[in-house]
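Colleague: I'd like to talk through the aromatic rings in this one. Could you take me through them?

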Amino acid sequence: MGVPVDPAADQEPRVTDRTAAAPAETADPWRGAVIYQVYPRSFADTNGDGVGDLPGIAARLDHIASLGVDAVWLSPFYTSPMRDFGYDVADYCDVDPVFGTLADFDALTARAHALGLKVLIDLVFAHTSDRHAWFEESRQSRDNPKADWFVWADAKPDGAPPSNWQSVFGGPAWTWDARRGQYYMHNFLPEQPQLNLHSPAVQDALLDVVRFWLARGVDGFRLDAINFAMHDPALTDNPPLPPGGPRTRPFDFQDKIHNQSQPGIVDFLKRLRALTDSHGSRFTVAEVPGDRADAEMQAYTEGQDRLSSAYGFTYLYAPALTPDLVKGTAAVWNGRPGQGWPSWPFSNHDAPRAVSRWAEGRDRAAMARLMALLLVCLRGAVFLYQGEELGLPQGEVPFDRLVDPEAIANWPKTLGRDGARTPMPWTADAPHAGFSTVEPWLPIDPRHLPLAVDRQEADPTSQLAVTRHLIALRKANAALTHGSMRVLEAPDGLLVFERSLGDERRLCVFNLGHETIDWTGPEGWVVMEAVNGPAGPVAPLSGRVLAPDTGVAA
């Protein structure tokens, strides 16, 4: 039996927000999955060049499997000049030499499958590298076979760019090319020219890329920034946003309704889903950043003929973890008929680590435990970023070691991405924390050394041990994996929601504030799991999961 909860009045908490009561579809093995993200440059280096590689990932798959996760997602490892560290792809169907070879990828996939892990990879289909053979041909003339594979446009009469669109990394989303006497579009770096997904030939070529990786045993795909994949062919200027909000780049001043988020994206996603469905159960998840992410996430996952899931940014850039933040996502993803399935990360390679964003001066170790429990209790698939299982804070990278082009261009107004990409600490006392035998491409933060894997393996109370235990908790409780979610009324600072599937019910309680809250659970429920305080008044950063008291251990 669990730890008894002090009885409250003879009533259950009132519901203030509710999802559909119908049980979730449990036939889809990806619903409720836990997926571990690997950023290959920073995971493990085996050839002594200071950069992580595919053999390094393969050698460390036992660590990933030991967490109890369902799959591993690899950020880009394709051939690339690395202007945006792999998100500028020069060959979709090969491995960059810095990461290894196709044979190394095949060995990694085989090892993962032997350990019971599925393998997901990134598809970067909004743009390529300017070194990609497709672009090199396209830029040669206005009438070659790939002339319309990218977004080209004439200058305005005064020589200005064709529209006012701005790039994410700063400056116009257009670069002049003298070969064609035209501008080409790029939503990101000038070295990342925009593909023209309005072209059926481009769509066919990208689907051939999917076929290539399916044939190599890949189990699923994350579609990078897929809402950037189509533009308004009329090149209509974006309107300005109303005043307010942080603005560190020209991109932040515009309502970006014409350079992205076009309705034709959905038709392409249907084609991709039909292809992946022809190969059995494959996972497809859209990365959807931006001002209209909620609506686009739902559009890309609606029904059964679009993507399996959408990867939300709600938590990734949230400066604070609050009950309203979670309530908001529950209200949007309410389980209505036909609605798709969300995926939630707290941290990734692009966002400052959540434990640093959300600690607000409080104990980071306690925050890491609370975050881990909350993540496994959320409705949807969940993503765990490498190092999150160790409770790593955001790495500190001095200006002279920065490599992220956005961070360098906007220093010090934006933190950039380097601090989330510092190397994984494997062995506290080894040179470079066991990541490499030479100085790594990014420095290792000294604060990460006491949190290294070897130190935590020896400590049964470590964040690593907690993470393994909580992932097992999620898998052992169908309500947490596949169930519906309803948010309950609770005092300020307290988040309370119920997950349920059939007759199984779990009550999830989190104090996200700074003060102890005198809350007692409903009569007849017991604590089956807790972090940072098991029962009684709910201390700051404590969380607990309750189950109905059936007289036997939950």
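Predicted model: local features only at pLDDT ≥ 70, side-chain atom pairs only at ≥ 80, totals over all residues.

Colleague: Which ring does arginine 222 lie over?

Modeller: The cut-off is within 6 Å of the ring centre. Arginine 222 is at 5.1 Å from the ring centre, over the face of tyrosine 311.

Colleague: And how far is arginine 60 from the ring centre of tryptophan 426?

Modeller: Arginine 60 also gets a ring face, that of tryptophan 426. Its distance from the ring centre is 4.0 Å.

Colleague: Now ring against ring. How many aromatic pairs are there?

Modeller: Centres have to lie within 6.5 Å for rings to pair. By that rule, the count is 33.

Colleague: What kind of pair do tyrosine 78 and tyrosine 92 make?

Modeller: Their centres are 6.5 Å apart and their planes sit at 70°. Planes over 60 degrees apart count as edge-to-face, so tyrosine 78 and tyrosine 92 are edge-to-face.

Colleague: How many residues apart in sequence are the parts that this pair ties together?

Modeller: Tyrosine 78 belongs to strand β5 and tyrosine 92 to strand β6. The pair therefore links parts whose separation in sequence is 14 residues.

Colleague: Is tyrosine 78 buried or exposed?

Modeller: Buried means under 20% relative accessible area. Tyrosine 78 has 1% relative accessibility, so it counts as buried.

Note on methods:
Residues numbered from 1 in each chain as written. Heavy atoms only, no water. Phe/Tyr/Trp six-rings, centres within 6.5 Å; stacked < 30°, edge-to-face > 60°. Helix = DSSP H or I, 4+ residues; strand = E, 2+ residues; numbered from the N terminus. Buried < 20%, exposed > 50% of the residue type's maximum accessible area, 1.4 Å probe, protein only. Lys NZ or Arg CZ within 6 Å of the ring centre and 35° of its normal.
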